[in-house]
Each structure stands twice: as C-alpha cells, then as structure tokens.
Amino acid sequence: MEKYDTSEQPPAPYVEVEVTNPQTGDSIKERGKIDTGAFRTAIPESWIDKLHLIPASQEETKGYKEEIKKQKHYTYFVNISIKNKVFEYAEVLAVKRNSPLIGRDILNQVKIVLDGKNLSFEVLDP
Amino acid sequence: MNMPSDVNSPSGLPADHFEAGNASPNGKIFLPIQYKGARLFGWKIPITPGPTGLLPDVHPGAPSKLSRLPIFKSETSNISELFIKERDAFLKMKDELLGHETYQGKFVAIYEGNIVDFAENKKELAKRVYRKFGYIPIYIGKVEKEQVVGEMSSPERG
C-alpha cells in the first residue's frame, strides 16, 4: 500500500508515472494525481516542448461548474508507465498544471483500492 | 545549417555532438529538416524493407523522403500553425464526410488538407499514419455530428 500525499489538503493519492514520447523516446518521471473525475489523463503544458510532442487532435472539456467556459485542448499520443505497466499510445490532454492527472482512460484499465480511512492506496493490475 | 545546442538526443548527448548525417551511438542519424518553413530536427529511423525487399508503400500524397523523417525538435508556433491548417481542413470537409457511410463515426487522418487514412480506432490510426508519414503535424478527427465534451470535473484549491 502507498500513502496519500498529505501536503495536499485533504490528502490525495499520487502515483509515480513516466510519460514518454513514443516517437523520440524523450520521457519525464513525475508523480501524478489519481483523478476519477477526469475523463482523460492530462499532462502539464510545459512538458510538450520537453517531450517534443506534436498534437494529434483537439478536444473540448468542461469543468465542474456549468458556468466555467468550455475549453479546447490539443491532445497528444504518449506512452504512460505506471507500476511497470505501460499504456501505449495513450491520448492525453495538455493542461495548465504542474503535475499530471491520471484520468479514467488509464484508471479503468487497472484495479485501484483507495483506503481513505488509513490514507493509503494500492494500484493493481487485475 | 546550424543545429541548436539545446537539442538533446535520445541518447542523452546534445545534438551538436553529432554532425548532420552522422550516426549517433544508438544507430539513429540526426538530420536537420526544413518542413514547410518550420525548423525541425529529426532522427532518421531505419525503415525495414518488406518481404519484397522494397520499402513500404507510401500514399501518393505523401511528402518527400526527407520530410517523412520523424520530427524530433520543432518550433512550437510553426507546428501549431501547420496543425491548425490540417484541423481547419477537417472542419471544412466534415459535413461532407458525414454524408459518406465510409467515414461516419470513424476517425480520419488529415495531412496536407487531404484524408490520408481512416479507421475505427484512433490509437491504431495514429500509429499507422506516424509510421507511414513520420512524426509530423497530422490532424486526427472523428466524423461525428457533435463532438463529445469531456469532463475534467475535479475542483482544486488555487
């Protein structure tokens, strides 16, 4: 079991991820937040240049409030590695954040146990 | 042509460690590429000949050999402009495509304003077109009446 990150309040589950450009091999390792509210995994915009990514498509997203304006984001194909499991050619959004969000596109391919009471979690490949 | 010193090769060595056209330790060849006015830098990745000994077929509308090289480093603004052109071409032809059973509900890949490939699976289509044309701006869009809006619903503290 891994521990929630208590520097965020309330504490949240973060997992080590490696995002790789499948074309060039450039990669970045960072902790990403497990976010079941996100329909798709998102990476920080600042990584686009670092990973030499080229957009493949564009998607529209909306936030948690109706009044938040819909936003258009470019999407990119990357390889995402979590716990030695590689998700090849995962389509991700680029957003204004410092760390990745692991969305349901990835989360729905693994088994996750969230033990909020003990602030611990486990990512399993069923 | 000068190569910028801030370009790092996949082997971790700076690009200017290599001369254009010389093989890097990992067997790839670094080449500067001029692509539609954009300054791009790519690694020439060996293409494996098919059983006939010939290189894989390329769509008639495909770019020249040089521009098919996978892009390694780019000037983002130029990439963005090229990508937007492909996206706009898709949006222009979308209504027409909706009338064709072949494309309805499928993903199409747009390059140089034309459909170069299509498939039901976006990931497989992306893999295929990048393999065929190189890592260059290609727009992949779904032929559907209304685009689905995805929810990124988690509020966070500022």
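# Exercises on chain A

Among contacts (heavy atoms within 4.5 Å) in chain A between residues at least 6 apart in sequence, 53% join residues at least 24 apart. This is a predicted model, where local features need pLDDT of at least 70, side-chain atom pairs count only at pLDDT 80 or more, and totals for chains, interfaces and linings use all residues. Residues are numbered from 1 along each chain as its sequence is written, chains are lettered from A and ligands numbered from 1 in the order in which they are written, and side-chain values use heavy atoms, with hydrogens and water left out.

## Exercise 1: overall build

Task: state which elements chain A holds and in what pattern they follow.

Solution. 
- Step 1. Chain A has two helices and ten strands. Helices (H or I, at least four residues) and strands (E, at least two) are DSSP runs, numbered from the N terminus.
- Step 2. Along the sequence, the pattern reads β-β-β-β-α-β-β-β-β-α-β-β.

## Exercise 2: the open sheet

Task: give the strand order of the three-stranded open sheet and trace its pairings.

Solution. 
- Step 1. The order is 1-10-9 in chain A, and the pairing is antiparallel.
- Step 2. Strand 1 (2–3) and strand 9 (111–115) of chain A each have a single partner strand, so they stand at the edges, and one side of each is left without a neighbour in the sheet.
- Step 3. Two strands pair if DSSP finds at least two bridges between them.
- Step 4. Strand 1 and strand 10 (residues 120–124) of chain A share two bridges. A:E2 has A:F121 as bridge partner, and A:K3 has A:S120.
- Step 5. Strand 9 and strand 10 of chain A are joined by five bridges. Here A:D115 has A:S120 as bridge partner.
- Step 6. The hairpin of strand 9 and strand 10 of chain A has four residues between the strands, and A:L119 takes a positive phi near 50 degrees.
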